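Me: I have a structure open and would like to talk through parts of it. Could we begin with how burial is decided?

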Amino acid sequence: MFDPKTFVPVGCKECRSGHNLDIDFSMAFQPIVDISSNSIYGYEALVRGLNDEGAASILSQLNDGNRYKFDQAIRVKAIDLAKKLDLQGMLSINFLPNAVYKPETCIRATLEAANELGFPLNRLQFEVTEGEEVKDHHLKNIFIEYKKHQFLTAIDDFGAGYAGLNLLAELEPDVLKLDMALTRNINADRVRRSLVFATLAACRELSIKVIAEGIETREECLTLADEGVTLFQGYYFAKPEFEALPEVPQEIWQQSGEIWAQVASRRAADRRN
Ligand SMILES: [Ca+2]
């Protein structure tokens, strides 16, 4: 039987030569919602302890001896759980850029696990944030390799920390995730609104999909939808749930449907004028 904890891909020296993975972990899932069709675009897999402890309690155990294996293990675990939970749509996985030794070999465990479990490669999305120093063009090479395998590539936490315009220019991702540092109270914040609107215009020009993260209120959702954002993630829709695929409450679907209808009718009126 497939066991994500002991699964070892063939031919990956960096992983084989490391110590055995001594970290027990699992995952929670949070939905990413598409309000233009009132459907689930996919779920982000988030690292948790075995008793739903936060990601920090797990990530603090990483060191140079276990980093590679852990990065492989979270992908395999996410795909395994997604399959067991019958996840439809995209599975979005965070990865640690410094845990990828060589993009073409480190991808193997992911490919093997996805093939073994029958999870389509074009439903995998990888999110990367530049929270740590990454060597020149290392991320770019990873993104190029991943695109070859039909994975979607995403810049995570855009607008927070190091994940800024230079990363967008360098990586040309399929997807950009706007951090809550930019989306929080955007309806009432003139400066954030203008920064986000300029970013959205650039993404439209470059055919990059945008996911707005950290959405907690209807007003934040409405302001961004009005500027063309259709994909959202945040407590307004659903909190992450441990080893489960949380559903969006019916009244929220209704509200988001109304938001989209309002935006669409305003657009139609603009076109007539
Ligand atoms: Ca993320």
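Reply: A residue is called buried if 20 or more other C-beta atoms lie within 10 Å of its own. Please note that this is a predicted model.

Me: Then which residues are buried in helix α6?

Reply: In α6, which spans residues 138-148, the buried residues are Leu139, Ile142, Phe143 and Tyr146. They are on the same side of the helix, because they cover an arc of only 100° around its axis.

Me: What comes just after α6?

Reply: Gln150 is found there, with a positive phi of about 75°. Gln150 is also one of the residues in contact with Leu121.

Me: Where is Leu121?

Reply: Leu121 lies in a loop, between α5 (108-117) and β4 (124-128). Leaving aside neighbours within four places in sequence, its contacts are Ala114, His149, Gln150 and Phe151.

Me: And why is Leu121 classed as partly exposed?

Reply: Leu121 has 14 other C-beta atoms within 10 Å, so it is partly exposed. Residues count as buried at 20 or more and as exposed at 12 or fewer.

Me: How far is Leu121 from Leu91?

Reply: The two are 30 residues apart in sequence, and their C-alpha atoms are 9.8 Å apart in space.

Me: Let us turn to β4. Why is it described as largely enclosed?

Reply: Five of the five residues of β4 are buried, so the rest of the structure largely encloses this strand. Leu124, Phe126 and Val128 are on one side, while Gln125 and Glu127 are on the other. In general, side chains in a regular strand alternate between the two faces of the sheet.

Me: Which strands pair with β4?

Reply: Strand β3 (residues 90-94) runs parallel to β4 and is joined to it by four bridges. Strand β5 (residues 152-158) also pairs with β4 in the parallel sense, over four bridges.

Me: Which residues are bridge partners?

Reply: Leu91 has Leu124 of β4 as its bridge partner. Val128 is partnered by Ile155 in β5.

Me: Changing topic, which residues touch the most other members of the largest nonpolar core?

Reply: Ala78 and Leu91 do, in a core of 66 residues. Helix α3 (residues 67-84) supplies the largest share of this core, eight residues.

Me: What is Ala78 in contact with, leaving aside its neighbours within four places in sequence?

Reply: Ala78 is in contact with Met27, Ala45, Leu91 and Ile93.

Note on methods: Residues numbered from 1 in each chain as written. Predicted model: local features only at pLDDT ≥ 70, side-chain atom pairs only at ≥ 80, totals over all residues. Helix = DSSP H or I, 4+ residues; strand = E, 2+ residues; numbered from the N terminus. Contact = placed C-beta atoms within 7 Å. Arc of directions from axis to C-beta. Pairing = 2+ DSSP bridges. Core = buried A, V, L, I, M, F, W, Y, C linked by C-beta atoms within 7 Å.
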